[in-house]
Amino acid sequence: MRAPPRRIVLTREEAQNRAWRTALAAAGATVLELPLLRYAPLTPPAAVDPAAFDWILFTSPQGVHAFADAGLSPGGARIGALGGGTAAVLADHGWRDDLNARCRDGAELARAFVAAGAAPARVLLPGPDRRLSEPAAGLRAAGCTVVELPLYRTEAIPAGELPRDPFADGDVVFFASPSAVGAFAEAYTLRPPCVAIGETTAAAARAAGFDPLVADAPDLSAMARACGLGSVTDPSFREMPS
């Protein structure tokens with residue numbers, strides 16, 4: 001059995017780190033919060049009407065928050081979420097996850113969408129101004145009309161605003177996105193042990209010189225298991241309305 005880490009380093013945006021820290025602390029883990037990212041909202045283009053689409057697919061909790069903060073509504077469109085964390089935020093806003101898929105990344109979401117018989121369809125993808133090719137590529141290959149709706153920009157916190165040398169022996173860094181990996185690599189030369197939330201993030205970590213463990217599901221509980229921690233309840237997973 002893998003020995004548990006001395007300390008978990010959380011690298012997500014500040015508010016997201018806080019929820020994970022609470023869950024890890026409840027399981028007896030020691031945590032260092034090191035937020036590496038922040039989000040800048042963008043004004044959505046007026047020409048895009050979410051109600052004109054058959055489906056709206058959200059690939060992150062931040063995408064849901066940005067959609068709601070922009071005053072947008074799904075109208076009659078059906079909604080899908082990549083994972084449980086995103087679905088939980090949908091529920092917070094009173095929106096139902098009609099697809100009910102639990103996927104590791106965008107490519108898997110596209111496959112789940114097709115397997116559910118939802119394609120072809122008109123699909124809106126709210127999210128960051130720059131994203132990976134999936135799930136749009138997989139959806140288009142299945143005959144879908146896909147429009148990407150940029151609602152926020154993910155920004156790395158400048159290295160000069162981060163603590164200079166916050167690490168200790170035995171630390172394990174949790175990465176939940178390629179953006180966080182890139183921000184870490186820009187700020188620090190050290191490459192400590194790390195856990196990636198999925199294969200897309202793991203690929204970015206390997207490219208940056210890490211040797212990551214990879215969670216077997218896209219959530220905090222799986223990340224904790226990957227590095228030898230005991231049972232940790234992911235605060236993103238709550239009972240969904242029927």
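The charged end of Arg12 sits over the ring of Trp20, 3.7 Å from its centre. The criterion for such a placement is NZ of Lys or CZ of Arg within 6 Å of the ring centre and within 35 degrees of the ring normal. The model is predicted, so local features need pLDDT of at least 70, side-chain atom pairs count only at pLDDT 80 or more, and totals for chains, interfaces and linings use all residues. Residues are numbered from 1 along each chain as its sequence is written, and side-chain values use heavy atoms, with hydrogens and water left out.

Arg12 is also a neighbour of Asn17: the residues touched by Asn17 are Leu10, Thr11, Arg12, Glu33, Leu34 and Pro35, leaving aside residues up to four places away in sequence. Contact here means heavy atoms within 4.5 Å. Asn17 belongs to helix α1 (residues 14-26). Helices (H or I, at least four residues) and strands (E, at least two) are DSSP runs, numbered from the N terminus. The relative accessible area of Asn17 is 0%, and the residue is therefore buried. The classes are buried (under 20% relative accessible area), exposed (over 50%) and partly exposed (in between), with a 1.4 Å probe and protein chains only.

Leu34 is also touched by Tyr188, as are Leu162, Pro163, Arg164, Pro166 and Phe167, again not counting residues up to four places away in sequence. Tyr188 is placed in the loop between α6 (178-187) and β9 (194-196). Its relative accessible area is 6%, so Tyr188 is buried. The side chain of Tyr188 comes to 2.6 Å from the backbone oxygen of Pro163. Pro150, 38 residues from Tyr188 along the chain, has its C-alpha atom 29 Å from that of Tyr188.

Tyr188 also belongs to an aromatic cluster with Phe167, Phe175, Phe184 and Phe210. Ten aromatic pairs are present in the structure. Rings of Phe, Tyr and Trp (its six-membered ring) pair if their centres lie within 6.5 Å; planes under 30 degrees apart count as stacked, over 60 as edge-to-face and the rest as tilted. One of the pairs is formed by Phe67 and Trp95, edge-to-face at 5.6 Å centre to centre and 80° between the planes. Phe67 lies in helix α2 (residues 61-69) and Trp95 in the loop between α3 (84-92) and α4 (106-115), so this pair ties together parts 28 residues apart in sequence. Phe67 is buried at 0% relative accessibility. Trp95 is buried at 17%.

Phe175 and Phe210 form another pair. Their ring centres are 5.2 Å apart and their planes stand at 75°, so the pair is edge-to-face. Phe175 is in strand β8 (residues 171-175), and Phe210 is in the loop between α7 (199-207) and β10 (213-214); the pair therefore ties together parts 35 residues apart in sequence. Phe175 is buried at 0% relative accessibility. Phe210 is buried with a relative accessible area of 5%.

Side chains of opposite charge can pair when their charged atoms come close. A salt bridge is taken as a side-chain nitrogen of Lys or Arg within 4 Å of a carboxyl oxygen of Asp or Glu. The count comes to twelve salt bridges. Among them is the bridge of Arg7 with Asp171, whose closest N and O atoms are 2.8 Å apart. Arg7 lies in strand β1 (residues 7-10) and Asp171 in strand β8, so the pair ties together parts 164 residues apart in sequence. Arg7 and Asp171 are both buried.

Glu161 forms a salt bridge with Arg38, with 3.2 Å between the closest N and O atoms. Glu161 is in the loop between β7 (145-156) and β8, and Arg38 is in strand β3 (residues 37-41), so parts 123 residues apart in sequence are tied together. Arg38 is partly exposed at 33% relative accessibility. A network of salt bridges links Arg38, Glu155 and Glu161. Arg225 and Asp216 also meet in a salt bridge (2.9 Å, N to O). Arg225 is partly exposed, with a relative accessible area of 48%. Asp216 is partly exposed at 47%.

The structure holds zero disulfides, a disulfide being a pair of cysteine sulfur atoms within 2.5 Å. For Cys194, the nearest cysteine sulfur is that of Cys227, 11 Å away. This distance is too far for a bond. Cys194 is buried, with a relative accessible area of 2%. Cys227 is buried at 3% relative accessibility.

Methods:
Polar contact = N/O pair within 3.5 Å; in protein donor to acceptor, adjacent residues only side chain to side chain.
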